[in-house]
Amino acid sequence: MTEWAREELHPDHAQSLRVERLHYDSETEHQRLRVFENPTFGRVLTLDGVVQTTEGDNFIYHEMMTHVPILAHGAARRVCIVGGGDGGMAREVLKHATVEHVTMVEIDAGVVEFSKRYLPTLSQGAFDDPRLELVIADGAEFMRGTKGGFDVIIVDSTDPVGPGEVLFTDTFYGHAKRALNDDGILVTQNGVPFLQGSELTNTMRAFRALFVESTCYLATIPTYAGGPMAFGWGTDGDGRRTPMDVLQGRFDASGISTDYYNPAVHVASFALPGYVSRLIP
């Protein structure tokens, strides 16, 4: 009998992925972790039944959450990743030779350890890079106590339920703003606006009170069903207006190879459909 992993994140919509082979299934202190094989997406990681990442399409999410703020900033030396225990975000950040230090704050050590074993293609050795500092701690608590000095902060959170809920609060965003340098950029995962519009609205309301510039940009990731995903963008700098020829020059100089990101996609991702624009206060 064919086994299907059914995700019921939304009240009126569900998706199913065929389980060709189950690699891992265990409860940690914080959540239930599963890794299974799917013929189209390769290995799939779910937390409490919700798809977090896959070998097949993770490159879209990770490239867009890293290269957009880093190349828009142009001089990012210190980067903080909140979450990201699978190592995919660190993998992309560390492709930038100009990044000198990455602090990754992950609440669940179990996610890191099993990702190294069961999803090594996501991190691709990132955990062994001497520029990476791994901190096992609650992201909200860490941000409250950090002295900051980050050029880019990437909030690679789960959806706002369970351990990830505190990463969607005004208080957390305020602490993150304090941890940024003057022209620093904060980017956040804000779900699929068509099905999770309130996530984007609430984040943008907080960002509007904190930052000179607050908006979002979009990317379409197949396993995050329901249309394009929104990434919150907050900054007091002018990185959003970086011309495409400058972005192209920075991208070329980086020597980075990508499968989704390029400077034209970067610029276009900030063009928002009407239904998304109307979710931004």
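A residue is called buried when its relative accessible area is under 20%, exposed when it is over 50%, and partly exposed in between, using a 1.4 Å probe and protein chains only. By that rule, 55% of the 281 residues of the protein chain are buried. The structure is a predicted model, in which local features need pLDDT of at least 70 and side-chain atom pairs count only at pLDDT 80 or more, while totals for chains, interfaces and linings use all residues. Residues are numbered from 1 along each chain as its sequence is written, and side-chain values use heavy atoms, with hydrogens and water left out.

## Overall form

The protein chain holds 10 helices and 13 strands; these are DSSP runs numbered from the N terminus, with helices (H or I) of at least four residues and strands (E) of at least two. Its C-alpha trace spans about 55 × 45 × 35 Å along the principal axes. The radius of gyration is 18 Å, which agrees with a compact globule because 281 residues would give a value near 19 Å. That radius is taken over C-alpha atoms, and the globule rule is 2.2 Å times the number of residues to the power 0.38.

Contact means heavy atoms within 4.5 Å. Of the contacts in the protein chain with a separation of 6 or more, 66% are between residues 24 or more positions apart.

The protein chain exposes about 11,900 Å², and carbon and sulfur atoms supply 49% of this area. Accessible areas come from the Shrake-Rupley method with a 1.4 Å probe, and for residues only the protein chains shown count as cover. The mean positions of the 23 positive and 38 negative charges lie 2 Å apart. Lys and Arg count as positive and Asp and Glu as negative, with His and the chain ends not counted; each charge is placed at NZ of Lys, CZ of Arg, CG of Asp or CD of Glu.

## Strand pairing

Two strands are said to pair if DSSP finds at least two bridges between them.

| Strand pair | Sense | Bridges |
|---|---|---|
| E1 (residues 3–10) and E2 (residues 13–19) | antiparallel | 6 bridges |
| E3 (residues 21–27) and E4 (residues 32–38) | antiparallel | 6 bridges |
| E7 (residues 78–83) and E10 | parallel | 5 bridges |
| E10 and E11 | parallel | 5 bridges |

E1 and E2 are joined by a hairpin of 2 residues, and Ala5 stands opposite Leu17 in E2. The hairpin between E3 and E4 has 4 residues; here Tyr24 has Val35 in E4 as its bridge partner.

Strand E10 (residues 150–156) is largely enclosed by the rest of the structure, because 7 of its 7 residues are buried. Towards E11, Phe150 stands opposite Leu180.

## Individual residues

Val44 lies in strand E5 and is buried, with a relative accessible area of 0%. Leaving aside neighbours within four places in sequence, Val44 is in contact with Leu17, Arg34, Val35, Phe36, Asn38, Val51, Thr53 and Thr54.

His67 sits in helix H1 (residues 58–73). His67 counts as buried because its relative accessibility is 1%. Not counting residues up to four places away in sequence, His67 touches Ala72, Glu92, His96, Ile256, Thr258 and Tyr261.

Asp183 belongs to strand E11 (residues 180–189) and is partly exposed, at 40% relative accessible area. Beyond its neighbours within four places in sequence, Asp183 is in contact with His73, Thr235 and Gly237. Asp183 and Arg208 are 25 residues apart along the chain, and their C-alpha atoms are separated by 16 Å.

## Positive phi values

Most residues other than glycine have a negative phi. Asp48 has a positive phi, near 50 degrees. Asp48 is in the loop between strand E5 (42–47) and strand E6 (50–54), and at 49% relative accessibility Asp48 counts as partly exposed. Gln124 also has a positive phi, near 45 degrees. The loop that holds Gln124 runs between helix H4 (120–123) and strand E9 (132–136), and Gln124 counts as exposed at 56% relative accessibility.
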